[in-house]
Amino acid sequence: MKALLLTGPRQLAFETVPDPAPAADEAVVQVSYAGICGTDVELFVNEHFHHYKTGHARLPIIPGHEWTGVVVDVGSDVKHLKKGTRVVAEVSIGCGVCRFCKMGHANVCRARREVGIINQNGGFAQLACIPASNLRPALDLAPEIAVAAEPTAVALHGCQRVNVSAGDRVLVVGAGPIGLLSLQCAKACGAAIVAILDRDQKRLELARTLGADAVINSSSVGVAELPDLANSLTHGDGFDVVLECAGAAKVFEHLLQTLAPLGRIAVVGCFGDHHPTFNPDALIAGENTIAGSVGGGANYGDAIELLRSGKVRPAPIITHTFPLAEAPKLFGALALGQAPQGSLKVLLNPA
């Protein structure tokens, strides 16, 4: 089969590799589409990736953690999947025995593998082979919709980490793919008002078509003005929830001041080496909460249902599709910040 093989930092090649054969508890999936995430670019550069710096993760690896395909082979112990079933892949593969796994939180298992990221080949290939327990049937979803299940689960997990619920006033920071999916998930959770902050006006216009009640262009609104703007949008109360999906350190320093009492911040975006500062006393005064959010948690089934119902619409976010063979050149450009013009979510087609 053809696959993308990452053998070292910035060393990604389009290679012919052996077709995978499933172990007893595994399934082989013919990949239809795979999405490119910022994490994939970080893995490609591999300069600051914690799991590789500490030696927990190793190269080579076939990347790709956002993908969908059709089951073509199953191991002898697999009974819940049949050949021909469309599936999506849950990323975290926990050890199964630690207390976090037993509580259903494989996404924070310290010994976990992650499909296409940590010690488990992923979906940037014609065929992917992973534990069948990590595959979720997507059945009647079109492949170009099903491919969004993983980032939708990530967005939904962020909402659930801070209990977005009916009547909440929500601010989403960042109108990238995760931010735009978080906007829709927050609406699906019953949020009364969802505002979104970004510096790209075209992305903000798209956010309006996806249900945003207010858009804030950070190119024209200074971050120091955010608290006053939050009050004007919420009748003086502030936001009940902030979903930080951009890793914007300078913005983060002002987010606590935008919160209502008992307000919550979910940190979904990664900050890398750009570390925000804030006054923890502000947490005390309003009994506010900051919660980290990693991966999709146990939300893949719910994410699939949101896609099936149309409450989350990924189609407007998917802007480009490239053949798998063009990916090495594409990743080289992405690592330099040279994304295709107008791109949001970029897909790879392994066919």
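Modeller: Let's go label by label, starting with the ground rules.

Modeller: This is a predicted model, where local features need pLDDT of at least 70 and side-chain atom pairs count only at pLDDT 80 or more, while totals for chains, interfaces and linings use all residues. Residues are numbered from 1 along each chain as its sequence is written, and side-chain values use heavy atoms, leaving out hydrogens and water.

Biologist: Fine. Why is Gln-30 called partly exposed?

Modeller: Buried means under 20% relative accessible area, exposed means over 50%, and partly exposed is in between (1.4 Å probe, protein chains only). Gln-30 has 46%, so partly exposed is the label.

Biologist: And what is Gln-30 in contact with, leaving aside its neighbours within four places in sequence?

Modeller: Contact means heavy atoms within 4.5 Å. By that rule Gln-30 touches Thr-68, Gly-69, Val-70, Val-72, Gln-126 and Leu-127. Gln-30 itself sits in strand 3 (residues 26-36); strands are DSSP runs of E with at least two residues, helices are runs of H or I with at least four, and both are numbered from the N terminus.

Biologist: What makes Arg-136 and Glu-90 a salt bridge?

Modeller: The term needs a side-chain nitrogen of Lys or Arg within 4 Å of a carboxyl oxygen of Asp or Glu. For Arg-136 and Glu-90 the closest N and O atoms are 2.5 Å apart, so the pair qualifies. The two partners are 46 residues apart, with Arg-136 in strand 9 (residues 135-137) and Glu-90 in the loop between strand 5 (86-89) and strand 6 (92-93).

Biologist: Are those two partners buried or partly exposed?

Modeller: One of each: Glu-90 has 14% relative accessibility, so it counts as buried, whereas Arg-136 has 26% and counts as partly exposed.

Biologist: How do you know that Arg-264 and Asp-168 form a salt bridge?

Modeller: Their closest N and O atoms are 3.0 Å apart, which is within the limit. Arg-264 is in strand 14 (residues 259-267) and Asp-168 in the loop between helix 5 (149-161) and strand 10 (169-173), so the bridge ties together parts 96 residues apart in sequence. Arg-264 counts as buried because its relative accessibility is 16%, and Asp-168 is buried too, at 8%.

Biologist: Last one: which residues of helix 12 (residues 327-335) are buried?

Modeller: They are Ala-327, Leu-330, Phe-331, Ala-333 and Leu-334. They cover an arc of only 160° around the axis (taken from the directions from the helix axis to the C-beta atoms), so they lie on the same side of helix 12.
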